[in-house]
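Welcome! Open the model in your viewer, keep the selection tool at hand, and follow along stop by stop.

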Amino acid sequence: MAKYQITHSCGHTETVALFGKSKDRDWQIEKLEGKICPECWHEQQIEADKKAAEQNAVSGLPELTGSEKQILWAEKIRADKLALLETLPTMPVYEMDTWWSWHHLRDFISKEQEKEISGQCENKGDLFKVAIQLPILQKGLTVLKAQTRASWWIDNRDSKLSIIIAELLKALPAEQPSENKPLEIDAQAEATVRPETPVTETVAEIKALANKITVSFPEKVESFRLIMRNHGFTWSGSCWVCELNARNGVPSDRAAEIGHILLGSGFIIRIYDDLTRQLAIDGNYSEEQTRWITAYTSGNEQGRLCISWSRDEDYDKAAKRLPTAYVKPSISVAVEQFEQVLDFAEINDFSISETAMKVIDAAREAKEHALIAHVELVDKVQHSDDGKPVKLETPENVGVDNDLRD
């Protein structure tokens, strides 16, 4: 260790103790001489804090509470944090990630909103500029600017803006609807049905569209996922979807069915159509027919009949007993066996698709117009009285007839 007299860039001098090798000390001396002294630095910080306080007052921000030193420091922190909101869109991505992460706010921004915003933007900066205008984030910024405890700003000085806003939004008390509630709140309340003991307060909103059923449920619950999977729904990235065709029945029945199942499993549902909602409560919808006889219309199986059923039913053994039946991947049967297939369908309550019925009708017509012939086989073998063939005698002399010789 050795002591050195350092002359700082501000002109003030101080004595410092340095350690290490000689070349390292020379580097430290050069670095210290390029800086202002600690006292000047402290005065600059005080001036910066005072300037920040003045700017905050001009911006209409509320006064901070706390000790004098805390307030001065917190004013600078607050000014820097709010200034970040202006500079974030132009920051490099790696630097922006230091202050903002979308996953902190995913409890407040729906997948649909995030997907829609992402589709409008070419880069992360544009994404931030568009998303920050969302009402929920504007509300978070309003709460952020309203923080008046100097100690709160000091405690959060190194936190990401997204974390700070997310925590503030979580801490907000639930809003109480006013006497003049918006119409959408009334409509939501009217369309919502709660089970006696809900699994969660998250609402599953069910919509019956022309050719599909959608279920929006913005929470990860394993039992909910299994219900959706077991009833033919797939995750689209924003909601659960079940595509419908002519064999699924009426869309309102399918919406009522999944609503009834979710209610019975302890989930809150929301269905805006009065009739569908009542069907979901009562369970009086027409159940989906899951047992079908259809026809292959292309490929190697074209013209054959197809027997299929839902995964929770078992008709495998009975279907495989039909003549010419084999698995491909459902049970495939030659259309010529249509009579046995029709009997199977009647016994086991299978429906027959329109296409399959056309194929069956064609096979029935072909059968009716087929040529019928009565053929009696002539037995050319001589038999004895006991029914056994008569043993022929072998001639003693065998030769070739002269007419057949060359």
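**Stop 1: the largest pocket**

Start with the lining of the largest pocket, whose residues divide into 16 nonpolar, six polar and 16 charged. In these classes, Ala, Val, Leu, Ile, Met, Phe, Trp, Tyr, Cys and Pro are nonpolar, Asp, Glu, Lys and Arg are charged, and the others, Gly among them, are polar. To find the place, select Asp-107, Thr-202, Phe-217, Pro-218 and Glu-219, which lie nearest the centre of this pocket among its 38 lining residues. Then colour α5, α7 (135-145), α10 (183-191), β4 and α11, the elements that give two or more residues to this lining. The largest share, four residues, comes from α11. About 1,600 Å³ of space lies in this pocket.

A word on terms: on a 1 Å grid over the protein atoms alone, a pocket is an open set of points with protein on both sides within 12 Å along at least five of seven lines, a cavity is a set of points where a 1.4 Å probe fits but cannot get out, and lining residues have an atom within 4 Å of a point. Grid points are joined across faces, edges and corners, and a volume is the space filled by probe spheres set on the points. Helices (H or I, at least four residues) and strands (E, at least two) are DSSP runs, numbered from the N terminus.

Before moving on, note that this is a predicted model, in which local features need pLDDT of at least 70, side-chain atom pairs count only at pLDDT 80 or more, and totals for chains, interfaces and linings use all residues. Residues are numbered from 1 along each chain as its sequence is written, and side-chain values use heavy atoms, with hydrogens and water left out.

**Stop 2: helix α11**

Stay with α11 and select residues 222-230; which of them are buried? They are Phe-224, Ile-227 and Met-228, where buried means under 20% relative accessible area (1.4 Å probe, protein chains only). Look down the axis of α11: its buried residues fall within an arc of 95°, so they line one face of the helix. That arc is taken from the directions from the helix axis to the C-beta atoms. Now show what covers these buried residues, including β4 (203-208), β5 (212-216), β7 (240-243) and α12 (251-264). After α11 comes Gly-232, which has a positive phi near 80°.

**Stop 3: the second largest pocket**

Next, select Asn-230, His-231, Glu-288, Thr-290 and Ser-310, which lie nearest the centre of the second largest pocket among its 27 lining residues. Its lining takes two or more residues from each of α11, β7, α12 and β9. Here α12 gives the most, with four residues. The volume is about 900 Å³, and the lining has six nonpolar, ten polar and eleven charged residues.

**Stop 4**

**Stop 5: the sheets**

Six strands form an open sheet with mixed pairing, in the order β3-β8-β4-β5-β7-β6. The edges are β3 (192-193) and β6 (234-235), each with a single partner strand, so one side of each is left without a neighbour in the sheet. Two strands pair if DSSP finds at least two bridges between them; β6 and β7 pair in the antiparallel sense over two bridges. Zoom in there to see Trp-235 opposite Trp-240 in β7.

Another open sheet, also mixed, has five strands in the order β11-β12-β10-β9-β13. Within it, β9 (residues 292-295) and β10 (residues 305-308) run antiparallel, joined by four bridges. Select Ile-293 and its bridge partner in β10, Ile-307.

**Last stop: a hairpin**

Finish with β1 (residues 2-7) and β2 (residues 13-18), which pair in the antiparallel sense over six bridges. Tyr-4 has Val-16 in β2 as its bridge partner. Five residues lie between the strands of this hairpin, where Gly-11 takes a positive phi near 95°.

Key: Buried means under 20% relative accessible area, exposed over 50%, partly exposed in between (1.4 Å probe, protein chains only). Contact means heavy atoms within 4.5 Å.
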